[in-house]
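This report goes through selected features of one structure, from single residues to helix packing and charged pairs. The sequence and the model are shown first.

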Amino acid sequence: LHGEARRLGLDARDRALAMRLAYGAVQRRATLDHLVETLAGRPVGRLEPLVLAALRLGLYQLAYADRVPAHAAVAESVELVKRASPGGAKLVNAVLRRVAERGAGLLAHQDRVRLDIPDWLWQRWSSAYGPDAARRIAEASLTEAALDISVKPGGATGAAWAERLGGRLLPTGSIRVASHGRIEDLPGYAEGAWWVQDAAAALVTRVAGDVTGRSVADLCAAPGGKTAGLAAAGALVTAVDVSGARLVRLRENLARLSLAAEVVEADAATWSPDRAFDVVLLDAPCTATGTIRRHPDILRLKRAEDVARMAQLQRLMLAHAASLVRPGGLLVYSTCSLEPEEGPMQIAALLATRPDFERVPITAVEIGAAPNWFTPDGELRTLPFHGPQEPPGLAGMDGFFVARLRRKS
């Protein structure tokens, strides 16, 4: 989407608006489709794809994008379909004008949060975290994510960079910036002073503790945020990923940051180096249900059966990762999923089969986290409504699970 916006020659402000509208229309699709069917008097499946897309974008602007004037939202949406479908343009005009006239009253009696979260996810979150927390997870997942930045050690302090970037320094050490245009145009990007990384994701490498001079295998490493964090902390990193294309981006990031790592293109589930490591970090592939703020298409692309499929892959990868840890070394396991099968259940299963491993509880003090971000076993569990609560645009974080184990000597 970023690339398409650049191809069309949009400036930074217009690109940001286009991204917001596209992401928002995907996040709120169920509510928008409910409005379409109510006002158009027909199922969305019977509408031309272009007409339906224009209606969703227009309705999102009218219902959620306060800064877009109503007349502009109507006119631009009609213009999208006028040439391809004159009849469709009339329908778009009629529906959007009705919404513009009646305003928010059309949605006054609708539970918009509940509409926009698929049933299977709502039920899972309610079961795992309780109904109140499930609603808070859903509400946070349907908001726009801020830009989080990790600062490379050795230069200006995080506080100094927060002031320069017009952001705020979080207790975890990340800098949070609300509005931004091209990331590449921000101060410090070109000289490699920092990299973009969600505040929750940045905690994963900190769980490894002092890695100065230690050998670390970063499995499933691309696009490289965790590799950068480890290398910047002084680790001797071997970054492994199955995707050559994604490793290109990892190498580019390391070069910009002037950081070094051994880069290996291989399947982390079967990679067999000739040595064991002091630390093995497995940020495993997952359903990514903790990152809906950044990837709203998860709401439409993922299914309940994906959880079991990913959990099976994680079991295989975690067992293999454990075999790469030297006696006395650490194994750090993480996923950006909210589903228990992809987090604590994986650790319990590994410990049941590998008595030579033991939990090393993570503490709030060592990573700058809040005490309520942890399970009773000392595993990190961030939820999308954790972190700063306000103002809008600066709240929340990705949902992550992180566990730390030691291989007994």
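A304 lies in helix α15, which covers residues 304–322. The model is a predicted one. With a relative accessibility of 38%, A304 counts as partly exposed, because the partly exposed class runs between the 20% limit for buried and the 50% limit for exposed. A304 and R214 are 90 residues apart along the chain, and their C-alpha atoms are separated by 40 Å.

P340 is found in the loop between β9 (325–335) and α16 (344–353). Its relative accessibility is 23%, and P340 counts as partly exposed. In sequence, P340 and Y129 are 211 residues apart, while in space their C-alpha atoms are 9.9 Å apart. Leaving aside residues up to four places away in sequence, P340 touches R124, A128 and M345.

**Helix pairs**

Y129 also belongs to a helix contact. Helix α8 (residues 119–129) and helix α9 (residues 131–141) have axes that come within 7 Å and cross at roughly 130°. The contact is made on the α8 side by W122, W125, S126 and Y129, and on the α9 side by P131, A133, A134, R135, I137, A138 and S141. The crossing of α8 past α9 is right-handed.

A second pair is formed by helix α11 (residues 199–206) and helix α12 (residues 225–232), whose axes come within 9 Å and cross at roughly 45°. That angle makes α11 oblique to α12. Here too the crossing, of α11 past α12, is right-handed. From α11, the residues A201, V204 and T205 meet K226, G229 and L230 of α12.

Which residues of helix α10 (residues 158–165) are buried? They are G158, W161, A162 and L165. Seen down the axis of α10, these buried residues fall within an arc of 105°, so they line one face of the helix. An α-helix has 3.6 residues a turn, so residues three or four places apart point the same way. On the other side of α10, E163 and R164 are exposed.

What do the buried residues of α10 pack against? Their partners are the strands β1 (147–151), β2 (168–169), β3 (175–177) and β4 (194–196). Just after the helix, G166 takes a positive phi of about 70°.

**Salt bridges**

How many salt bridges does a search of the whole structure find? The search finds 26.

| Salt bridge | N to O distance |
|---|---|
| K82 and E79 | 3.4 Å |
| D119 and R114 | 2.7 Å |
| D185 and R182 | 3.1 Å |

K82 and E79 both lie in helix α5 (residues 70–82), where they are three residues apart, about one turn of the helix. Residues three or four places apart in an α-helix point the same way, because there are 3.6 residues a turn. K82 is partly exposed, with a relative accessible area of 43%, and E79 is partly exposed as well, at 46%.

In the pair formed by D119 and R114, D119 has a relative accessible area of 48% and is partly exposed. R114 is also partly exposed, at 23%.

Is D185 buried or exposed? D185 is exposed, with a relative accessible area of 54%, because the limit for the exposed class is 50%.

How values were computed: Residues numbered from 1 in each chain as written. Predicted model: local features only at pLDDT ≥ 70, side-chain atom pairs only at ≥ 80, totals over all residues. Heavy atoms only, no water. Salt bridge = Lys/Arg side-chain N within 4 Å of Asp/Glu carboxyl O. Helix = DSSP H or I, 4+ residues; strand = E, 2+ residues; numbered from the N terminus. Buried < 20%, exposed > 50% of the residue type's maximum accessible area, 1.4 Å probe, protein only. Arc of directions from axis to C-beta. Contact = heavy atoms within 4.5 Å. Axes fitted to C-alpha atoms, helices over the stretch in contact; angles between N-to-C directions. Left-handed = near helix turned anticlockwise from the far one by under 90°. Parallel < 35°, antiparallel > 145°, perpendicular 65-115°, else oblique.
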